[in-house]
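Let's take a friendly walk through this protein together. Have the sequence and the model open as you read.

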Amino acid sequence: MTLPSSLYRDISPPHVPKRRKTSIVQTQSPEAKILYDASNDPALAAVEAGRAKIEDHLTYFKHHLAEASRSTPQDVPRLSIEDFAALYKSNSHQNGHHFVIHQHNHPKAGVHYDLRLQFSTSSSVSWAFPKGLPGNPNSRQLGRMAVETRVHNLWNNLIESASMKTGSLLIWDTGTYSILPSKKSQNEVPSPQTTDDECETDKESFEEPAPENEKLVDAFQSRHIRLRLHGVRLPKDYTITLRLPSNNDISPRKPVSRRRNRRSVAQRRRLSHTSDSDSTTIAPMTANDGVQDADANDLDTDSEEDALTRAQNAYPGSTNSIGSIHQRRWFVLLDRQSSGFELHGGKWVRRVLPSGELGGFDPFVVRGRIYERSIVTGRLARDVESDEGCQGYVGRGVWKSIED
C-alpha cells in the first residue's frame, strides 16, 4: 500500500529508536485507517534540536504524545490528544494566536517556565519565567521577572521531550490568548475591569477588530502587553501585564553584562513598580529574582546555536519580524482588576460580576516539577525524562514556590 505524501519523513540523520513500535492512527477520513510506521521517526531530542527534519510536526507529536500518555486523577487538568491537535491546527494560519507554557527542568538554569506566544504563521515570541506565573492577588511577591529568549518555531509549541543536555520540557498549559488594550488614559480605552462576562461597549464600533496576533506585535513593540491567557490549567479571565522597563532595554549590539554574585545585585538601586490597573506599590525586582542563585544569563538555555541564530535571535525556520531582543528582562504582574478582583478593606477579593457570577479565582501557586503534570500526557518531569532515556538525569536545585 502506498503511503500518502503527508506521511513521508525527510529525516537527517536517520534514527531508529528501538522502543518505538508500529501503531495505527486515524487519518482525517473516518473510513480510512493507515499504518503509521513509528520506527522511521527520529528521536524527540533530535527533532527539538533541529538535527532531524519533519514534514508533518503535528502528526509526529500527536503520535508520540498519545503513546506516552498516562491516566491521572480526575482533579488533574487534562486536554485530550484530539483537542490538543485541533487547537494547534485551528491556529496554523497567519492570524493564529496559540500559546504554550512549558515547564523546563534545565540542568544549568534549573526549573523555570517558558511562555511562547504565536505572532505569525511560523513563529512564537518567547520568555522564560524563573518562578512561574503569579496566582495570588495578595502575594507580597506579586511582581516577577520574565527573560526574553529566542523566537521559536510555532511547532515548538507541540514539544514534550527530554535530553541529558537540555533537561525536560512538559506542556504545563496551552490554549489561545487575547491582547487587552493598555490603559493610557481614563478616556482612551475601556476599564481594565472588563471580563469575558461583561459588555464594555457604550457605542457601536464599525471597525473590524484587529487579529490578536497583530495586537500582540503592536503591544510588544510598545513594550507593554496586557495578556489574557485562555488555557486549560489557568483560571478563567487570567490576565497578566508584561512591561519592559527602559533600563532593561538592551541594545542588540550591546552584550549582556554578567553579574558575579547576588550580593552585588542586592546593593544596586532598587526600583518600585506598579501596574496600570493597580495603585499598590509592588516589591522591587532585581535581575536575579527567582533564578536559584544563578546568573540571570543562565536562562539562556540554548546550548546548541550558531552565530546566525544568536544574531537574528531566532531559530532556523522561524522569523524574528516582531523585533525580539535576546535576554531583555521584562516585569510581569498579575492584572488583578482584569482578572476579576477588586480592592476591599486593603485586600484584593473576588468581585461580583454584572451577571451575578463571582469573578477572579482561588489563589494558586506554581509548585514545580515534583507535583505538576503535563495537561496533555499527564506526565511528571521525571516521567518525561525516563521515557526519553535520560537515566540518572539530575536537574539543578530544588524548586521553591512563592507562597505569599
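This is a predicted model: local features need pLDDT of at least 70, side-chain atom pairs count only at pLDDT 80 or more; totals for chains, interfaces and linings use all residues.

## The chain as a whole

The protein chain has 404 residues, and buried residues make up 52% of them. Its secondary structure consists of seven helices and 13 strands.

Contacts across the sequence are well represented here. Among contacts with a separation of 6 or more, 71% link residues 24 or more positions apart.

The largest nonpolar core holds 42 residues. Which of its residues touch the most other members? They are Leu117, Trp127, Phe129, Ile225, Leu227 and Leu229. Strand E11 gives the most to this core, contributing five residues. There is also a second, separate core of 23 residues, which includes Phe61, Val100, Leu154 and Ile159. As general background, nonpolar side chains tend to be buried together in soluble globular proteins.

Beyond its neighbours within four places in sequence, Phe129 is in contact with His112, Tyr113, Leu115, Met145, Ala146, Ile240, Leu242 and Val332.

Helix H3 spans residues 81-90, and its buried residues are Ile81, Phe84, Ala85, Leu87 and Tyr88. Why do they lie on the same side of H3? They cover an arc of only 160 degrees around the axis, so they are on the same side of the helix. The cover over the buried residues of H3 includes helix H2 (57-68), strand E3 (98-106) and strand E8 (167-180).

Helix H4 covers residues 212-221, with Glu212, Asn213, Leu216, Val217, Ala219 and Phe220 as its buried residues. The buried residues of H4 pack against a series of strands: E4 (110-118), E5, E6, E8, E9 (224-230) and E11 (329-334). Just after H4 comes Arg223, which takes a positive phi of about 70 degrees.

Strands E12 (residues 341-344) and E13 (residues 347-350) run antiparallel and are joined by four bridges.

## Two buried loop residues

Asn136 sits in the loop between strand E5 (123-129) and strand E6 (144-153). Is Asn136 buried or exposed? The cut-off for buried is under 20% relative accessible area, and Asn136 has 18%, so Asn136 is buried. A polar atom of the Asn136 side chain lies 3.0 Å from the backbone nitrogen of Asn138. Leaving out neighbours within four places in sequence, Asn136 is in contact with Leu142, Leu334, Pro363, Phe364, Glu403 and Asp404. Of these, Glu403 is 267 residues away in sequence, yet the C-alpha atoms of Asn136 and Glu403 are 8.2 Å apart.

Ser374 belongs to the loop between E13 and helix H7 (381-387). With a relative accessible area of 0%, Ser374 is buried. Its side chain makes a polar contact of 2.7 Å with the side chain of Glu160. Again setting aside neighbours within four places in sequence, Ser374 is in contact with Pro77, Arg78, Glu160, Leu170, Ile171 and Arg379.

To finish, look at Gln391, in the segment after H7. The cut-off for exposed is over 50%, so Gln391, at 59% relative accessibility, counts as exposed.

What does Gln391 touch, not counting residues up to four places away in sequence? Gln391 touches Met164 and Ser386. Gln391 and Met164 are 227 residues apart along the chain, and their C-alpha atoms are separated by 8.5 Å.

Note on methods:
Residues are numbered from 1 along each chain as its sequence is written. Side-chain values use heavy atoms; hydrogens and water are left out. Buried means under 20% relative accessible area, exposed over 50%, partly exposed in between (1.4 Å probe, protein chains only). Contact means heavy atoms within 4.5 Å. A polar contact is a pair of N or O atoms within 3.5 Å; within protein, one must be able to donate a hydrogen and the other to accept it, and residues adjacent in sequence count only if both atoms are side-chain atoms. The arc is that of the directions from the helix axis to the C-beta atoms. Two strands pair if DSSP finds at least two bridges between them. A nonpolar core is a set of buried Ala, Val, Leu, Ile, Met, Phe, Trp, Tyr and Cys residues joined through side-chain atoms within 4.5 Å.
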